[in-house]
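Welcome, and thanks for taking a look at this one with me.

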Amino acid sequence: MKIATFNVNGISSRLPRVLEWLAEAQPDVACLQEIKTSDATFPERAFEDAGYGAVWHGQKGFNGVAVLARGARPTELRRGLPGDPDDTHSRYLEAQVDGVTVASIYLPNGNPQPGPKFDYKLAWFERLIQHADQLCRQAGPVVLAGDYNVVPTNDVADIYSPKSWLNDALLQPESREAYRRLLAQGWTDAIHQLHPGVAMYTFWDFFRKRWERNAGLRIDHLLLNRPAAARLDSAGVDRAVRGRDKPSDHAPAWVVLGTPARRGRT
DNA sequence: ATGCCTGTCTGGGACAGA
């Protein structure tokens, strides 16, 4: 079972790129972020025609997340994180597909920092950590996939060079500490696990020739609870998608989970 | 040192993104 995450940076203008990627990558589940469209204008029909059922949590102009499933409509489990009824951002959608619980996550960017946006990022992160704890303990497989807006370390595996980013919200100790505490619940960072020390970037800024120079960041992550991690076969980043015409500034990242181990004797 | 691009909504400029 292949599960992917892709920050599309606006589904309206990105739709051809996303459909093209779905056709070639053939993920069973695709978590999308920054669809930047209202619920009413989500291109449900286009995904249907491509063989994907969808659930989505839209927002006009900003944010917005979705979960697609090949040949099925995901069963929605939760839209929005608990813990703040006044939070109006569409950043979290949880669904079940074929026995696997999947969340599409768009963690707040947090810039500029310090400031209210950074405070919101950290508060949102705390709510995620709170909610993720019970998900991590679930008996069945759970995958938290999305744009975490956190570069986990200064290692070249995570960032081409931290120098010009040291004041950025993505590299702050508070952001990293929150990510580390989330992982400490028992989650496996799949890309890191299977490609330690390798530059597995998922984001390249549109300007300063960052793509041409491979000046990227690893900020899109797939976190697996133990039942999911036990099935982890492979993981990767579809870099080529970033190099095409009218791309998103992110590339898709993915994991493949193998068939569940059989319980008992048969 | 700097949104230097890009998308969205708007209404031709502003804001957000990372």
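Before the numbered points, one term: two residues are in contact when heavy atoms of theirs lie within 4.5 Å. Please also keep in mind that this is a predicted model.

1. **A buried glutamine in a loop.** Let us begin with Gln-172, which sits in the loop between β8 and α4. Is Gln-172 buried or exposed? Its relative accessible area is 9%, and the cut-off for buried is under 20%, so Gln-172 counts as buried. If neighbours within four places in sequence are set aside, the residues in contact with Gln-172 are Gln-113, Phe-118, Leu-166 and Asn-167.

2. **The sheet that holds β8.** Six strands make up an open sheet, and its order is β5-β6-β7-β8-β12-β9. The pairing in this sheet is mixed. At its edges are β5 (75-79) and β9 (188-189), each of which pairs on one side only.

3. **From β5 to β6.** The strands β5 and β6 run antiparallel and are joined by four bridges. To find this pairing on screen, look for Arg-79, which stands opposite Leu-93 in β6. Of the six residues of β6, five are buried, so this strand is largely enclosed by the rest of the structure.

4. How many bridges join β6 to β7? There are six, and the two strands run antiparallel. Gln-96 stands opposite Thr-101 in β7. Together β6 and β7 form a hairpin, with two residues between them. Asp-98 lies in the turn and has a positive phi of about 50°. The next pairing is parallel: β7 (residues 100-106) and β8 (residues 142-147) share six bridges.

5. Helix α3 (residues 116-136) lies across β5, β6 (92-97), β7 and β8. The direction of α3 is at about 20° to β6. Helix α4 (residues 173-183) lies across β9 and β12 (220-224), and runs at about 25° to β12.

6. **Another open sheet.** An open sheet of six strands has the order β3-β4-β2-β1-β14-β13, and its pairing is mixed. Its edge strands are β3 (52-57) and β13 (232-237), each pairing on one side only. On average, neighbouring strands in this sheet are turned by 15° against each other, direction ignored. Helix α1 packs on the sheet and touches β1 (2-7), β2, β3 and β4. The direction of α1 makes about 155° with that of β1. As for the pairing of β2 (residues 29-33) with β4 (residues 65-70), it is antiparallel and has five bridges. Within it, Leu-32 stands opposite Ala-66 in β4.

7. **An arginine in α1.** Arg-17 lies in helix α1. With a relative accessible area of 18%, Arg-17 is buried. Which residues is Arg-17 in contact with, leaving aside its neighbours within four places in sequence? They are Arg-244, Asp-245 and Lys-246. Arg-17 and Asp-245 are 228 residues apart along the chain, and their C-alpha atoms are separated by 8.4 Å. A polar atom of the Arg-17 side chain lies 2.6 Å from the backbone oxygen of Asp-245.

8. **Around the DNA.** DNA strand B is surrounded by 30 residues, and the closest are Asn-109, Phe-203, Asp-205, Phe-207 and Arg-208. Of the atoms of DNA strand B that come within 4 Å of the protein, 66% belong to sugar and phosphate. The surface near DNA strand B has nine nonpolar, 10 polar and 11 charged residues. Helix α1 (residues 11-25) gives the most to this surface, with four residues.

9. **Side chains to zoom in on.** Asn-109 places a polar side-chain atom 2.6 Å from a base nitrogen of DNA strand B.

Definitions and conventions. Residues numbered from 1 in each chain as written. Chains lettered and ligands numbered in written order. Predicted model: local features only at pLDDT ≥ 70, side-chain atom pairs only at ≥ 80, totals over all residues. Heavy atoms only, no water. Near = heavy atom within 4 Å. Polar contact = N/O pair within 3.5 Å; in protein donor to acceptor, adjacent residues only side chain to side chain. Nonpolar A, V, L, I, M, F, W, Y, C, P; charged D, E, K, R; others polar. Pairing = 2+ DSSP bridges. Axes fitted to C-alpha atoms, helices over the stretch in contact; angles between N-to-C directions. Buried < 20%, exposed > 50% of the residue type's maximum accessible area, 1.4 Å probe, protein only.
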